[in-house]
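This briefing is intended for a reader who has the sequence and the coordinates at hand. Please consult both while working through the points below.

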Amino acid sequence: MSERPVTPLLDTVNVPADLRRLKPEQLRQLADELRAEMIAAVGVTGGHLGSGLGVVELTTAIHYVFNTPDDKLIWDVGHQCYPHKIITGRRDRIRTLRQGGGLSGFTQRAESEYDPFGAAHSSTSISAALGFAVANKLADKPGKAIAVIGDGSMSAGMAYEAMNNAEQAGNRLVVILNDNDMSIAPPVGGLSAYLARIVSSRPFLSLRDLAKKFANKLPRPLAEAARKTDEFARGMTMGGTLFEELGFYYVGPIDGHNLDHLIPVLENVRDAKDGPVLIHVVTKKGHGYAPAEAAADKYHGVQKFDVVTGEQAKTPAGPPSYTGVFAKALIAEAERDPTVVAITAAMPGGTGLDKFQQKFPDRTFDVGIAEQHAVTFAAGLAAQGMRPFAAIYSTFLQRAYDQVVHDVAIQNLPVRFAIDRAGLVGADGSTHAGSFDVTYLATLPNMVVMAAADEAELVHMVHTAAVYDDGPIALRYPRGNGTGVALPETPQKLEIGKGRIVREGKKVAILSLGTRLEEALKAADRLDAQGLSATVADLRFAKPLDQALIRKLCATHEVVVTIEEGAVGGLGAHVLTLASDEGLTDTGLKIRTLRLPDVFQAHDKPEKQYAEAGLDADGIVDTVLKALRHNSVGVVGGARA
C-alpha cells in the first residue's frame, strides 16, 4: 500500500474557502502537495491519473480565484476531477474512489455542492455552464459559471453548438480550453503570458470595444477591412479568430502549470465586465509524475500501482478480452473482404480498432468525439457499397440515437454496429453502463440485434454481420475477459433470428441473451439437483426473435424465465409481447423476466452489481422457485398465501 505523502499545507485546506486564505506565494507548495496526494490515492484505488495530474495547478488556481461553490465549476467528462475532489471536502474519502460505496470517478451532483453538474460523457460542459450563467442572469444573481473542457472534447459538435449561443451569457460565462495535446512550446512562454494578461485586462477589453464602435462608423468596405486587420493581427499572435467569431473574448495560450501566469489572468477574467471569455490553457497530461510523463498514454487510466516505480499491478492472465476477440475477428473479415471498413469515435484502443488500424490504416476512420457523425458517415459508406463496422461503446451509441433511427434504420442501410461495454461495467458506474442498447435498438424496424454468449459466439457474429447486407445489424458484447472457450478456426454464418438449445430439460426453460448464459447453466444444475429439470436456450438474437423456438419452449415447460444484461423493454418485453399476442400464457404458463433493475446502479465490481440486480444463478433459482410456489399475487393452490 502506498505511503501517505507529507502535506502540511494541504492538511490546512478542507474546502476552497481555506485555500483562498493562503498567500499567492504558497500556492506552488500546495499544488505540489495536491499532486503527491492524488498520486498516492490513485496508487491505492486505480483510476484516471494522467488527466488529473495535468490540471493540478489549474484546479488550484480556479478555486483560489473564483468563489466556488457560488461560482459554478463544471469539468467536462470529469475524469480529471480527482484534485478537485481532494480540495472540496472529500480528501478523507479519496482512497475509496471507484470502489463499492465510495466516491465516483466522475463529478456527481449527489456527492458534493462543489459538483454542480454530473458528467462522464464529453462535450457537455459549455452547454451546462451556459445554463447556469443564463439562469443567474435572469435571476439577477452574481455567480459565474466556469467550464473546463479538453481539446479532445472540442472535437464534438455540441461544444460549438453551445459556444454559438454563449454570447447571451455575457461575462457570467468563462470557458477554459485545457489543451493537453500540444507540448509547451515557445508561444506559451513569457511573451504569451504577458499578452494574455494584457488581453484579459479591462483596459484592453474597453479598447477593443472602442475600436469596434469606431469601425462601425466607417463606410462598410473600410469597416470590414479594419475588422479583418484586427482579427488577422490577433490570429497571428494568439490564434483566437475562431472563438472571436463565436462571440468570445479569446485569451491565451498560457502555461497551465505556471501559477504566476494563471492567477493574474483568471483574476482579470473574473473581474471583466465583458464576456463570455475563452481562456486557452496549455497543460501536459501526466505532468509532475515521471512514469506518467514517460508513458505513451500518460497513464490515462491505471490499475493500482507502486508510487515510487510507477509499476502497475498486473491482472492475472486469463482468457482473451471480448474487445481483443472482436478486433482479431474483424481483421480476419477485412482480409477476406476489401469492402470491410472500421469507424471509431475517439476510442481506437478501447474498441480494439487500434489493432485493425495497424493492418488497414486506409480502412480505419477515427472521427473524434463525434458519434452522430460516425453513424451517418457509416450510413453513407454503406449506401455506396462498403461494409462499415461502427465500433462504439453502448453508452456512447446513445449519443447518436437519432442517426441510428433516421439515417440507418429508416433507409435500411447495412451498417454494422459493434457494441462494446454492453451490460454493467464496474468501476465506471452508471454513466458508462451499457444498459439500454437492446431496448433502444430492438424497438426499431429493420434492425437485427445479436448478443454473444461467449467469445466463440462473438467470432461467429462478427462474420454474420460482415456478410449480412439486408439492413442494419448490431452485435453486443461486454467489457472484460471471455469464458475461455476455444475460438473457431472458421467462423460460421448464423441463421438470422435462430437461437440454440444448450441443455435439454422438461419443467423450466431459461431463455438467455448474452453472457448470462454461464449463470443460466449454473442455475440449471442447481434446479436439476432439486428435481426441477431445466432447459437452457441461448437465443442469440433479441431481434428478430426465434419465434418457433420460443413457442415450443412455452408449450412444453411450466415456467419460462428470460435473462438479459439490459434494462426493461429489451428481450423480456419482446418475449412477453409474443406470448401475449399468440395466447401462449392462456393455458397457465408462468413467464418471468430477469433484467437490470429500474435504477441507475452505482459503481462496484461487476459481479457484485449483477448479484445486486438478481442476474446470477442465485437470482435465477430464486425466481423459478417463487414462480412454482406462488404466482405474482401470492396465490398458492387456489388460496391466498
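The structure is a predicted model. The mean pLDDT of the protein chain is 89, and 88% of its residues reach 70 or more. The secondary structure comes to 26 helices and 21 strands.

**Overall make-up**

- The protein chain has 641 residues, of which 56% are buried.
- Among contacts in the chain with a separation of 6 or more, 76% are between residues 24 or more positions apart.

**Confidence**

- Over residues 182–188, pLDDT stays under 50, and the model has 12 contacts beyond four places in sequence for this stretch.
- A further stretch with pLDDT under 50 covers residues 630–641, for which the model has 15 contacts beyond four places in sequence.
- Where pLDDT is low, the predicted coordinates should not be read in detail.

**The five-stranded sheet**

- An open sheet of 5 strands runs in the order β2-β3-β4-β6-β5, and the pairing is parallel.
- Its edge strands are β2 (72–75) and β5 (249–255), each of which pairs on one side only.
- From one strand to the next, the twist averages 20 degrees.
- Strand β3 (residues 145–150) pairs with strand β4 (residues 173–179) in the parallel sense over 6 bridges.
- Within this pairing, Ile 149 stands opposite Leu 177 in β4, and Val 174 in β4 is the bridge partner of Ile 146.

**Helices packed on the sheet**

- Helix α6 (residues 125–138) packs on the sheet and touches β2, β3 and β4. The direction of α6 makes about 175 degrees with that of β3.
- Helix α12 (residues 259–271) also packs on the sheet, touching β4, β5 and β6 (277–282). The direction of α12 makes about 165 degrees with that of β5.

**Burial of strand β4**

- In a regular strand the side chains alternate between the two faces of the sheet.
- Both faces of β4 are covered: Leu 173, Val 175, Leu 177 and Asp 179 are buried on one side, as are Val 174, Ile 176 and Asn 178 on the other.
- Because 7 of the 7 residues of β4 are buried, the strand is largely enclosed by the rest of the structure.

**Packing of α4 against α12**

- Two packed helices are described by the angle between their axes and the distance between the axes.
- The axes of helix α4 (residues 56–65) and α12 come within 10 Å and cross at roughly 40 degrees, and the crossing is right-handed.
- From α4, the residues Glu 57, Leu 58, Ala 61, Ile 62, Tyr 64 and Val 65 take part, and they meet Leu 259, Leu 262, Ile 263, Leu 266, Glu 267 and Arg 270 in α12.

**Gln 108**

- Gln 108 lies in the loop between α5 (82–90) and α6.
- Leaving aside residues up to four places away in sequence, Gln 108 touches Asp 115 and Gly 118.
- Gln 108 and Gly 78 are 30 residues apart along the chain, and their C-alpha atoms are separated by 9.1 Å.

**Cysteines**

- The count of disulfides comes to 0, with a disulfide taken as a pair of cysteine sulfur atoms within 2.5 Å.
- Cys 81 has 0% relative accessibility and therefore counts as buried, the cut-off being under 20%.
- Cys 554 is likewise buried, with a relative accessible area of 7%.

Conventions: Residues are numbered from 1 along each chain as its sequence is written. This is a predicted model: local features need pLDDT of at least 70, side-chain atom pairs count only at pLDDT 80 or more; totals for chains, interfaces and linings use all residues. Side-chain values use heavy atoms; hydrogens and water are left out. Two strands pair if DSSP finds at least two bridges between them. Helices (H or I, at least four residues) and strands (E, at least two) are DSSP runs, numbered from the N terminus. Axes are lines fitted to C-alpha atoms, for helices over the stretch in contact, and angles run from 0 to 180 degrees between N-to-C directions. Contact means heavy atoms within 4.5 Å. Buried means under 20% relative accessible area, exposed over 50%, partly exposed in between (1.4 Å probe, protein chains only). pLDDT is the predictor's confidence in each residue, from 0 to 100. A crossing is left-handed if the near helix is turned anticlockwise from the far one by less than a right angle, and right-handed if clockwise.
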